[in-house]
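Please view the sequence and the structure together while reading.

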Amino acid sequence: MIDAPGPWPALAGLPVVEPVRVIGLPARPDVPRFDVGGPAIVGDVAVVSSSQFGFAAIDWRRGALVWTKPAGLHVAPPIARAGSAILVGDCLNPPDVRDTLLGCLRVVTAAGADEMYAAIHGTRVAAFAGTPGPQEVWLDGEGAVRWRRGEQAVSVDLITGVAKPAGLEPPPVRVVYRTHTWDITQTHERIVAREQGKLAWQTQHAYTALLGAVYLAELAPMVRVANLGAFRGHAELNLLDIDATGSLHGQAAFPVPAISMLGTAIDAVGNTAIAARMDASLRHDFLVGYAANALMMYVYPLPEVPRVDPVGVAIAPDAVLVFHDGDTFTVLPELSSPPTAPGTPKVPSQNPTP
C-alpha cells in the first residue's frame, strides 16, 4: 500500500492500494448486459452473475475460473447457503408450466455440482413477472428464498420452485449481546431497533444505508450506517457507528468524496467495503475499505470508464472481492486493522454471555 495521490486530485492524501490480481471473465459482448450480480462467497470460490455469461465461480486465490452455469438474458444476484450457491434467473430452455413461469432456480455446490434444478412458477405472481427493476435475493426462512425485483417480491420454495407473493422488506440486521437481541431496520425517516417486537430505540435522523453490525473487543456491539451529504459545498460519504444498546456512544470514520454508493459489503465483525461514485462524470468510481474499528485501510480507483452497472463487493477472510464492468473480477487486500489498533474485532459468537 502506498500513501500517494490517486489518479484524481480528490483522492490525494488517501492510502491507495494496488490490486492483488485482476481476473478477466468470459463475457459475450454481443449479448446485452441487462443484469450483473455478486460476488457471493461459497467455500473457496466467489460466484457472480451476468446476462453475458450466466453464472461463474472464481477461485480468487489462484485467479482461476472454476465453473460456469448457463442462464437466460436476465439473472438475479447469487446468494450463499451452507456451502452452496443459489442461482436464480431466466430459464435457458423455458419449460411448460400450467401457471406463470418466472424463471429457473439452481442450487450448486462450491465445486460446481448441481444439487437441484427447478422452474420458478406460481398462480398469483403475474405482477412480478411483468415488473422490471433492480433485483435482490435473500434467504427466507429455512427452505425458501425471497426474490425482489423492482417493487414486487416473491417467496420461492427451494424444493418445488413454487412462488407466492411476499413482502418487499429485507431481513433486519440482528445484533446479539449478552441476554439481548435487537432487530435493526431502516425506514425513510430513521434507523429503528426492536427487541422482542417492541421498540427499543430509534435515531432522530435518516441515513442513506444500513450496512450491518460491528463487534469490537471489550465493547458493546454497534450498528454501522453510511450517509451521503455535503460539507462546505463538497459531496462526501460518511461511515458512522451507533451503539446497538441505544446509548449515545459511537464512532465515525474519515469521510471520502462521493455522491452515491454503487455497492457495499460488511463481514461478521464489521470490516466494510464500499464502491462509491465520486462525481457525475460516471467515470470516477472507487472502492474504499474500512476496518471494523472504522479505520480507513485504503482506497482503490476503479478503471476510468463510463459505468452504468452496480459494482459488486464481498469480503472474504483474506481479501476484498470486487466484480465490475460485467467482465472484471478484482481482488484487493484484506481489511483487518493493525494488531496495535484499538478495538480488535471479534466474531459475534465470541461475545461474552452471563
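The sections below treat the model as a whole and then turn to particular residues.

## Model and confidence

The structure is a predicted model. Its chain has a mean pLDDT of 91, and 93% of the residues reach 70 or more.

One covers residues 1-6, for which the model has 20 contacts beyond four places in sequence. The other covers residues 349-354, for which the model has seven contacts beyond four places in sequence.

## Overall form

Along the principal axes, the C-alpha atoms fill a box of roughly 60 × 50 × 40 Å. A compact globule of 354 residues would have a radius of gyration near 20 Å, and the chain agrees with this because its own value is 20 Å.

Of the 354 residues, 50% count as buried. When contacts between residues at least 6 apart in sequence are considered, 44% of them join residues at least 24 apart.

## Aromatic pairs

Two aromatic pairs are present in the structure. Phenylalanine 53 and phenylalanine 323 form a tilted pair, with 6.3 Å from centre to centre and 55° between the planes. This pair links distant parts of the chain, since its members are 270 residues apart: phenylalanine 53 lies in the loop between strand S3 (45-50) and strand S4 (54-59), and phenylalanine 323 belongs to strand S27 (residues 319-324). Both phenylalanine 53 and phenylalanine 323 are buried.

Phenylalanine 128 and tryptophan 147 also pair. Their ring centres are 4.8 Å apart and their planes stand at 65°, so the arrangement is edge-to-face; planes over 60 degrees apart count as such. Phenylalanine 128 lies in helix H1 (residues 126-129) and tryptophan 147 in strand S11 (residues 144-149), 19 residues apart. Phenylalanine 128 counts as buried because its relative accessibility is 2%. Tryptophan 147 is likewise buried, with a relative accessible area of 2%.

## A charge over a ring

The charged end of lysine 69 sits over the ring of tryptophan 67, at 5.9 Å from the ring centre.

## The disulfide

The count of disulfides comes to one. Cysteine 91 is joined to cysteine 104, with an S to S distance of 2.0 Å. The torsion about this S-S bond is about 100°, and the disulfide is therefore right-handed.

The two cysteines are 13 residues apart: cysteine 91 is in the loop between strand S7 (84-89) and strand S8 (100-109), while cysteine 104 is in strand S8. Cysteine 91 has a relative accessible area of 9% and so is buried. Cysteine 104 is also buried, at 7%.

Aspartate 35 is found in the loop between strand S1 (21-24) and strand S2 (36-42). With a relative accessible area of 14%, aspartate 35 is buried, as the limit for that class is under 20%.

Which residues does aspartate 35 touch, not counting those up to four places away in sequence? They are Ser49, Ser50, Ser51, Leu73, His74, Val75 and Gln135.

Methods:
Residues numbered from 1 in each chain as written. Predicted model: local features only at pLDDT ≥ 70, side-chain atom pairs only at ≥ 80, totals over all residues. Heavy atoms only, no water. Phe/Tyr/Trp six-rings, centres within 6.5 Å; stacked < 30°, edge-to-face > 60°. Helix = DSSP H or I, 4+ residues; strand = E, 2+ residues; numbered from the N terminus. Buried < 20%, exposed > 50% of the residue type's maximum accessible area, 1.4 Å probe, protein only. Lys NZ or Arg CZ within 6 Å of the ring centre and 35° of its normal. pLDDT = per-residue confidence, 0-100. Contact = heavy atoms within 4.5 Å. Disulfide = S-S within 2.5 Å. Rg over C-alpha atoms; globule rule 2.2 N^0.38 Å.
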